[in-house]
Amino acid sequence: MAEIIPLLAPYKMGNFHLSHKIVLAPLTRQRSYGNIPQPHAILYYSQRATKGGLLIAEATCVSESARGYPETPGIWTKEQVEAWKPVVEAVHKKDGIFFCQLWHAGRVSNNGFQPNGQAPISSTDKGFIPKGLTPETEHLPPRRLMIDEIPPILNDFRLAARNAIEAGFDGVEIHGAHGYLVDQFMKDHINDRTDEYGGCLENRCRFALEVVEAIINEIGSDRVGVRLSPFADVYDSADSNPEALGLYMVESLNKYGILYCHMVEPRINGIEERDNTYSLVPIRKAFKGTFITAGGYNRGSGNKVITDNHADLVAYGRLFLANPDLPKRFELNAPLNKYDRSTFYTSDPVVGYTDYPFLESPLCIEKSN
């Protein structure tokens, strides 16, 4: 009798019929020269596309001021939209489903990435020192957004969502995780405001929910997902009550009827695993849409989280990067390529990007013999 593999069971996500439950997590690749998606991205994403498989594109800047890293893609100009079109088309040719992650780095930036060399914007004017800070990546203190400056930022997200649909994406994911702008408003370790966007939990989540509302008013709730990491402390983004934050957000998102919530496991803090006493189960039970979990899963733990009904889908990052045919490898329980962390963020258009071998490639066949 053939083995039943929970990760490879079909799943209906709103109007989308998925053939399996393995999702490509959004992975910053820093290979979009001049903030414009490049032809090598066509190969990268098409390699990982499968019929009925969900891919989430790397974090994509919603505006010029949203940038925080070199060579990350944007979707605020016509040129960027046109550059995304053949990438999306390549995924659709393989009958894949493709969402664009919309991103604003907020204070995780520096004046070198900002228009006219200005300070990056945030919910706060508190600065921070990222690990590995070098003079070349100096992070100046951010500038606290005034209330009347918030609507234009919401509009940036709205226009980016419209542009994503114009580029052919099936939907968008709002990046509300890992210490970037949306997270900077939600987390009480960062947000020290005393106006209607600060203080109590409801006020701190106001900006995130206004982003959601602006986008669903533009493209519809059935094409919108949100990524959250209430338990993470990336870029100094801790919260004093992360479980309450996560529950409040998903209960609020239920009212908007969004397609999915993509939640980072509490045991993951950035790229590091840690001991923790929290569980996503209460948040998973509270959310009414599709629930995607992410956080260092392998084949066995991914199957278990599906079997236990703790998630509907599982997002894979490093394993999917190193194994472009990850669903096939999981189906066959085949050996996996090892990822090379040193090439994650290089600007090379091939190395560590499109050169990981498939199972049927001569390199893999040779290793298995």
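**Helix packing and selected residues**

Modeller: The crossing of α1 and α2 is right-handed. Please bear in mind that this is a predicted model.

Colleague: At what angle do α1 and α2 pack, and how far apart are their axes?

Modeller: Helix α1, residues 39-47, packs against helix α2, residues 78-93, at an angle of about 25°, and the axes are 8 Å apart. Angles under 35 degrees count as roughly parallel, so α1 is roughly parallel to α2.

Colleague: Which residues make the contact?

Modeller: From α1, the contact uses Ala-41, Ile-42, Tyr-45 and Ser-46. From α2, Trp-84, Pro-86, Val-87, Ala-90 and Val-91 take part.

Colleague: How do the residues of that contact divide into nonpolar, polar and charged?

Modeller: There are 8 nonpolar residues and 1 polar residue in the contact of α1 with α2, and no charged ones.

Colleague: Let us turn to α6. What is its span from first C-alpha to last?

Modeller: Helix α6 covers residues 206-219, which is 14 residues, and reaches 20 Å; that is close to the 20 Å expected at 1.5 Å a residue.

Colleague: Which of its residues are buried?

Modeller: In α6 the buried residues are Phe-207, Ala-208, Leu-209, Val-211, Val-212, Ala-214, Ile-215, Ile-216 and Ile-219.

Colleague: And what follows α6?

Modeller: Gly-220 follows, with a positive phi near 95°.

Colleague: Next, Leu-253. Where is it found, and is it buried or exposed?

Modeller: Leu-253 sits in helix α7, residues 242-256. Its relative accessible area is 0%, under the 20% cut-off, so Leu-253 is buried.

Colleague: What is Leu-253 in contact with, leaving aside neighbours within four places in sequence?

Modeller: Leu-253 is then in contact with Leu-209, Val-212, Val-226, Leu-228, Ile-258 and Phe-287. Of these, Leu-209 and Val-212 are among the buried residues of α6.

Colleague: How far is Leu-253 from Asn-116?

Modeller: Leu-253 and Asn-116 are 36 Å apart in space, C-alpha to C-alpha, and 137 residues apart in sequence.

Colleague: What about Asn-333: what is its phi, and where is its place?

Modeller: Asn-333 is not a glycine either, yet its phi is positive, about 50°. Asn-333 occupies the loop between α11 and α12. With a relative accessible area of 52%, Asn-333 is exposed.

Conventions
Residues are numbered from 1 along each chain as its sequence is written. This is a predicted model: local features need pLDDT of at least 70, side-chain atom pairs count only at pLDDT 80 or more; totals for chains, interfaces and linings use all residues. Side-chain values use heavy atoms; hydrogens and water are left out. Axes are lines fitted to C-alpha atoms, for helices over the stretch in contact, and angles run from 0 to 180 degrees between N-to-C directions. Helices (H or I, at least four residues) and strands (E, at least two) are DSSP runs, numbered from the N terminus. Angles under 35 degrees count as roughly parallel, over 145 as roughly antiparallel, 65 to 115 as roughly perpendicular and the rest as oblique. A crossing is left-handed if the near helix is turned anticlockwise from the far one by less than a right angle, and right-handed if clockwise. Contact means heavy atoms within 4.5 Å. Ala, Val, Leu, Ile, Met, Phe, Trp, Tyr, Cys and Pro count as nonpolar, Asp, Glu, Lys and Arg as charged, and the others, Gly among them, as polar. The expected span of a helix is 1.5 Å times one less than its number of residues. Buried means under 20% relative accessible area, exposed over 50%, partly exposed in between (1.4 Å probe, protein chains only).
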